[in-house]
Amino acid sequence: AEVVERLRAAAARAVGQAAPESAVAYLRRALAETADVSLRVLLARELGRAEKVLGDPAAAEHLRESLRLTSDPAMRAAVVPDLAELLLLAGQWEAGTTLVRGALAELADRDVPSGEPATAIMTRLRSWWAGLSAYDPHLVGELDQRLGELYSAARGPDVASRRLAGLLAGVLAWR
């Protein structure tokens, strides 16, 4: 466990110093060092995000692994936007959209701790969903029905809320 924590700390420093290649190496080693599922969830997510920066195809598999290993809806929701982005860039629009919708439904169906991190995660997912649905003719009607909910979420004081507000302003101006 101590080795894994040192490797994670080194990876965090590497990311902070714009060295994702080093972060990937540290995180791959950390993942190989542990069988602890709760650590593997975090490591797979961190590794997937670092690999995403590098354009490494392994990113999607590590993000999927993180999703498979956890049943925590907040953790799953934190992973989904990164994986959805990779799926969309790979031309898998339906899979990305389904993933975001599923995460939103999962959070709505469960008791998620309230507070700033959970709210920011939910707002980030709403931003992804709004962006996707604005350009998908099959979802645009649902977007119109959920505008009130999206407006409310966009009024929050955090960065995720401001991002959603900007996205909604752009979509509505475009329309």
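Mentor: A definition comes before the questions: helices are DSSP runs of H or I with at least four residues, strands are runs of E with at least two, and both are numbered from the N terminus. The model discussed here is predicted.

Trainee: How many helices and how many strands does the secondary structure of the chain come to?

Mentor: Read from the N terminus on, the elements run α-α-α-α-α-α-α-α-α-α. The count for the chain is therefore given by DSSP runs. It comes to 10 helices and zero strands.

Trainee: What is the radius of gyration of the chain, and what does the globule rule give for 175 residues?

Mentor: The chain is as compact as a globular protein of its length, because its radius of gyration is close to what the globule rule gives. Along the principal axes, its C-alpha atoms fill a box of roughly 50 × 35 × 30 Å.

Trainee: Which percentage of the contacts with a separation of 6 or more comes from residues 24 or more positions apart?

Mentor: Buried residues make up 44% of the 175 residues in the chain. For the contacts with a separation of 6 or more, the share from residues 24 or more positions apart is 53%.

Trainee: How far apart are the centres of the positive and negative side chains?

Mentor: The chain has 21 positive and 23 negative side chains. The centres of these two sets are separated by 2 Å.

Trainee: Which residue has a side chain joined to that of Glu106 by a polar contact?

Mentor: Glu106 lies in helix H6, residues 93–109, and counts as buried at 17% relative accessibility. Not counting residues up to four places away in sequence, Glu106 touches Ser71, Pro73 and Arg76. The polar contact between side chains is 3.0 Å, and the partner of Glu106 is Arg76.

Trainee: What distance has the polar contact between the side chains of Arg8 and Glu46?

Mentor: Arg8 lies in helix H1. Apart from residues up to four places away in sequence, Arg8 touches Leu27, Leu39, Leu42, Leu43 and Glu46. The side chains of Arg8 and Glu46 are joined by a polar contact of 2.4 Å.

Trainee: What is the phi of Ala18?

Mentor: Ala18 is found in the loop between helix H1 (2–16) and helix H2 (20–33), and counts as exposed at 66% relative accessibility. Most residues other than glycine have a negative phi. Ala18 is not a glycine, yet its phi is positive, at about 55°.

Trainee: Why does Ala25 count as partly exposed?

Mentor: Ala25 has its place in helix H2. Buried means under 20% and exposed over 50%, so partly exposed is what lies in between. Ala25 counts as partly exposed because its relative accessibility is 46%.

Trainee: What separates the C-alpha atoms of Ala25 and Asp36?

Mentor: Ala25 and Asp36 are 11 residues apart along the chain. The separation of their C-alpha atoms is 19 Å.

Conventions
Residues are numbered from 1 along each chain as its sequence is written. This is a predicted model: local features need pLDDT of at least 70, side-chain atom pairs count only at pLDDT 80 or more; totals for chains, interfaces and linings use all residues. Side-chain values use heavy atoms; hydrogens and water are left out. Buried means under 20% relative accessible area, exposed over 50%, partly exposed in between (1.4 Å probe, protein chains only). A polar contact is a pair of N or O atoms within 3.5 Å; within protein, one must be able to donate a hydrogen and the other to accept it, and residues adjacent in sequence count only if both atoms are side-chain atoms. Contact means heavy atoms within 4.5 Å. The radius of gyration is taken over C-alpha atoms; the globule rule is 2.2 Å times the number of residues to the power 0.38. Lys and Arg count as positive and Asp and Glu as negative; His and the chain ends are not counted. The place of a charge is taken as NZ of Lys, CZ of Arg, CG of Asp or CD of Glu.
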